Structures are given as structure tokens and as C-alpha cells.
Amino acid sequence: MPFFSPQATRRAPTITYLHIHECEKFSMGIFCLPPSGVLPLHNHPGMTVFSKLLFGTMHIKSYDWVVGAPSNASAVAEPSQTAQRSEVRMAKVKVDSNLTAPCKTSILYPADGGNMHCFTAVTACAVLDVLGPPYSDLEGRHCTYYLAYPFTKFSGDEQVSIPDEEKDKYAWLQERDKPEDLVVEGALYTGPVIREN
């Protein structure tokens, strides 16, 4: 399929989304990523997410918020990344590894399991996502994107006691605007129809 062909452009590879089904309880779709395609670090507020890698190899890096950790309001993102000042929050790395199909389904819970994650295609790959409940701006479940900074980058690391050998398992995350180079195009899903009873 053309969705998975390497793209000879200077911009980030285009990701294709096949929308399968959506109702008030869940949404389901398939993300098709060409080699080097990236779904940048983003969250799933108040949602449980089932992700199944259908084929290929994908690098996943995911985080959960560290409850009770200090925030650091003095951080400013790179001007090219966002136009506003935003505090950074401490997060713990949950997963930082390559997955190759066939593999187990990953499950993200609202406060555990790597609710904020980034997908990077090592090879052409496809991932089935089931989100429950689906994103809804009206109900406060909108997608937020983040920048990740090393734990030692900000002064807040002095307020938290973490052994040196564990510091690479933590990061500071900062909200950002949707990346300008992120292009996700919809395509027609032609598989079996989902019917509600």
C-alpha cells in the first residue's frame, strides 16, 4: 500500500489514519506509518487505550506523571516549538523500547501504563488503536502534545531525591502546540463494518 512507502521529502513523513468506528464509548482506527514516521509525544486524558502493532517495528517511548512531584514554572520551550511559556512537570519513563510484530497488546490507563507516548516507525508499520472513551473537546478529553527534556535540565531536579543511576528514567514534560510538521491524512477504511446492537 502507498501509505508505507518511504517518502523522499525534507518534511516529516505523512502518517495515514484509517478510521474504523466511533461511538460515545470508544473509537477505533489504524495508524499507518512509513519508515521514520513519528506520532509525537501526546496524551490520552481520562482514557484507556489498547494499542496493537499489526506489523513492522516501532519504537515506543511512554511516560506517566510523577504524583506529588514539584513542577518548574521557569521553563520556556524553544521558540520554534511553542510561542508560550509553559510549566514543566516531572514524568517517569514507562516504556522506551522497540516492539516488533507479532507482540502483545499494550494497554494505557488514565494514570498508568504510559498514558503519554510517542511512536516512531523503525520500519513501515501499522498500529490498531482503540480509545475508550474517545477524544472529546466538549468533555475535556483533548489531545495535548509535549516536549520531553532530560531530568537534569531544570532546577527542579534538586527538589527531588533520585539516585544518579535512575535519573535517565525521569524527564520533564512541557506542553507544546501541535507540531507543524505533523501530517496525518485520513484514508478510506474498506474492511469489515462494525455494527452496533
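Predicted model: local features only at pLDDT ≥ 70, side-chain atom pairs only at ≥ 80, totals over all residues.
Entry 1: I take helices (H or I, at least four residues) and strands (E, at least two) as DSSP runs, numbered from the N terminus. Residues are numbered from 1 along each chain as its sequence is written, and side-chain values use heavy atoms, with hydrogens and water left out.

**Entry 2: the cavity.** On a 1 Å grid over the protein atoms alone, a cavity is a set of points where a 1.4 Å probe fits but cannot get out; lining residues have an atom within 4 Å of a point. Points are joined across faces, edges and corners, and a volume is the space filled by probe spheres set on them. I count one cavity of 30 Å³ or more. The largest cavity has a volume of about 50 Å³. Its lining includes S51, K52 and L53, together with M58 and I60. I also noted L99, C103, K104, T105, S106, F119 and V127 in that lining. Strands β4 (48-55) and β5 each supply at least two of the lining residues. The largest share, three residues, comes from β4.

**Entry 3: the pocket.** A pocket is an open set of points with protein on both sides within 12 Å along at least five of seven lines. For the largest pocket I have a volume of about 470 Å³. I find 22 residues in its lining, with Y17, F31, L131, Y135 and C143 nearest the centre. At least two lining residues come from each of β1 (15-22), β2 (27-33), β3 (38-42), β8 (116-121) and β9 (125-132). Strand β2 gives the largest share, four residues.

**Entry 4: D64.** I then turned to D64, in strand β5 (residues 57-65). Is D64 buried or exposed? D64 is buried (under 20% relative accessible area; exposed is over 50%, partly exposed in between; 1.4 Å probe, protein chains only). D64 has no salt bridge (a side-chain nitrogen of Lys or Arg within 4 Å of a carboxyl oxygen of Asp or Glu). The nearest side chain of opposite charge is K94, 4.5 Å away (Lys and Arg count as positive, Asp and Glu as negative; His and the chain ends are not counted). What does the side chain of D64 reach instead? I find the backbone nitrogen of G113 at 3.1 Å and a polar atom of the D64 side chain 3.1 Å from the backbone nitrogen of N115. Leaving out residues up to four places away in sequence, D64 touches A91, K92, K94, A111, D112, G113, G114, N115 and M116 (heavy atoms within 4.5 Å).

**Entry 5: salt bridges.** I count four salt bridges. One of them joins the side chains of K94 and D112 (3.4 Å, N to O). K94 lies in strand β6 (residues 88-100) and D112 in the loop between β7 (106-108) and β8, so the pair ties together parts that are 18 residues apart in sequence. K94 is partly exposed at 43% relative accessible area, and D112 is partly exposed at 38%.

I also logged E139 with R141 (3.0 Å, N to O). E139 counts as exposed at 58%, whereas R141 is buried at 11%. K167 forms a salt bridge with D164, the closest N and O atoms being 3.4 Å apart. D164 counts as exposed at 61% relative accessibility.

Terms used
Polar contact = N/O pair within 3.5 Å; in protein donor to acceptor, adjacent residues only side chain to side chain.
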